[in-house]
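Hello,

Here is the structure I promised to pass on. Have a look at it first, and then read my notes on what turned up in it.

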Amino acid sequence: MVMNFSDFINQYKNKLHSLFNVEDDIDQLSLTRGLPDEIFDEVMECKPLSVFIPEEYGGRGAKTHEALSMLEASSYESLPLSLMMGINGALFLQPVANYGNEEVKQPIFDRFLHENNMGGLMITEPDFGSDALRMETSYKKEKTEEGQVYKVSGTKHWAGLTGAADFWLITARKTNNNGDLGRDIGFFIHDSRRGGIEVEEYYKNLGLYMLPYGRNKIDITVPESYKLQPKSIGIKMMLDVLHRSRLQFPGMGIGFLKRMMEEAINHCKERYVGGQSLFNYGQVKKRLTRLQSSFTICSAMCAYTSENVPLGKDVSNMDLTANAIKTYTTDLMQQAAQSLLQLTGAKGYRLDHIAGRALIDSRPFQIFEGSNDILYQQISESVLKSMRKLKLKNLHDFLSDYKLTERASDYFSEILDFKIDHKLAQDRLVELGRILSRVISLEFTLRLGDKGFNQQLITNTVNMLRTDVERMVTTFVNKKSPDVVEDYEESSSWFDAVTPKFAHSS
């Protein structure tokens, strides 16, 4: 019988708190790479990954709100642990559940449920980071004694759990008869027990010490049944996988933001400067209010994803929503870490302090699974494409009738009432994408307020988002694209600029 979710998540929270705060010290654990086996085993005793596995295979049912709650509990205690769980769930178990052959699902899920196995995803290559569609890892089909198989070869890097995962999803392009690589993408499930993956180098990643990263040489043989089956084309399947993962980023973000908020409030109440509590200073209150608003925005995103992204839904066309959620969630995470470090001062500037560790661990979230600069650009391109189809040039006219911004746009009826150049420069597209992500987030926040969420937090968050959007739009409307000075060395020595003056005076 499946445990009641309330009991399940409380058991998991209590276990993590005990492991990282009573039996061991997370501040010290975080100084060494990897997670001790005994701690990993105790974490996995709670079966956290069961939230990603459908009920018919022995899991909890793959319910989105349960998955986000598990990620939240993990990130409150340890952001790297939450990322580990997110990689397993969003980048392996959910794709297998949606696209795996029926004959392979049960044995794979059984190993996760009963043997504490781990799974990851390999897409990125050394020469093709964000340009994933040009990947050079290739595959071809062959007939062997064990039946039809796929031969996959290439090089992958920056895959979380390098050298540690029991299963991998590996992407590759088909080798055509003429030796060229096809445009479409194939996904292959690889059981690490079959060998064929050589870790050529482990990277000294700046943060996220709990997860190993590195460069992997791939030369594997995959049984025919272990190839994922797209419902149309492989590229659309990849978009579904990546968008679903981005839509679940708030699960990792919310626990982290709550921890940053609570650590900051507690520190400021206990710390006295100039004879009064740090909590009473205006600038400090401004930072704390922004932390609370970040927590509120991320809560709204969790609510949206829980209600709109069930496991079986194809989200390959939800690029705008997924990109807006991923970018702004991860920006909020980094900003929150920066604020906590500023508030804690020098003592926070240490890897064995939560503030310093949070700063380093949250930073790569703005880079992996799509660099935020690129995703902000894609948000704008998506909106401009829709505006062209509707033959609209006024931004507010479009947003007021768009499902993700129809209520939020009322708060910007004047400031967003301007025409958009459909041929914006790339840097302007990035700026516009930032603006749009905030307007969309305001929409989510208003919807959360309708559900009875703390109204004071909602009001403060609405005001913060309005202020941010107004400031960003003012800059966007008035700013001109800069030109890089290529001959910057010419007449650019401050010493030469002041030397004649001093020579004359001497």
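The second largest cavity is lined by Phe52, Leu71, Leu83, Gly86, Ile87, Ala90, Leu91, Ser245, Gln248, Phe249, Met252 and Glu369. Please keep in mind that this is a predicted model.

The largest cavity holds about 260 Å³. Its lining has 24 residues, and those nearest the centre are Ser30, Ser78, Pro80, Arg357 and Asp361. At least two lining residues come from each of α2 (26-29), α4 (64-77), α5, α8 (249-270) and α11; α11 gives the most, with four. In this lining, 14 residues are nonpolar, six polar and four charged.

Now to the open space. The largest pocket has a volume of about 1,600 Å³. It is lined by 48 residues, with Arg246, Phe368, Glu369, Gly370 and Ser371 nearest its centre. The classes here are 24 nonpolar, 15 polar and nine charged.

The structure holds 17 aromatic pairs. In one of these, Trp158 and Tyr203 have ring centres 4.8 Å apart and planes at 50°, so the pair is tilted. Trp158 is in the loop between β3 (147-157) and β4 (167-174), and Tyr203 is in the loop between β6 (197-202) and β7 (214-223), so this pair ties together parts that are 45 residues apart in sequence. Which of the two is buried and which partly exposed? Tyr203 has 16% relative accessibility and so counts as buried, whereas Trp158, at 44%, counts as partly exposed.

Elsewhere, Phe92, Phe112 and Phe167 form one aromatic cluster. There are charges over rings as well: Arg259 lies over the face of Tyr76, 5.1 Å from the ring centre, and the charged end of Arg428 sits over the ring of Phe476, 4.4 Å from its centre.

Best wishes

Definitions and conventions: Residues are numbered from 1 along each chain as its sequence is written. This is a predicted model: local features need pLDDT of at least 70, side-chain atom pairs count only at pLDDT 80 or more; totals for chains, interfaces and linings use all residues. Side-chain values use heavy atoms; hydrogens and water are left out. On a 1 Å grid over the protein atoms alone, a cavity is a set of points where a 1.4 Å probe fits but cannot get out, and a pocket is an open set with protein on both sides within 12 Å along at least five of seven lines; lining residues have an atom within 4 Å of a point. Grid points are joined across faces, edges and corners, and a volume is the space filled by probe spheres set on the points. Ala, Val, Leu, Ile, Met, Phe, Trp, Tyr, Cys and Pro count as nonpolar, Asp, Glu, Lys and Arg as charged, and the others, Gly among them, as polar. Rings of Phe, Tyr and Trp (its six-membered ring) pair if their centres lie within 6.5 Å; planes under 30 degrees apart count as stacked, over 60 as edge-to-face and the rest as tilted. Buried means under 20% relative accessible area, exposed over 50%, partly exposed in between (1.4 Å probe, protein chains only). A charge sits over a ring if NZ of Lys or CZ of Arg is within 6 Å of the ring centre and within 35 degrees of the ring normal.
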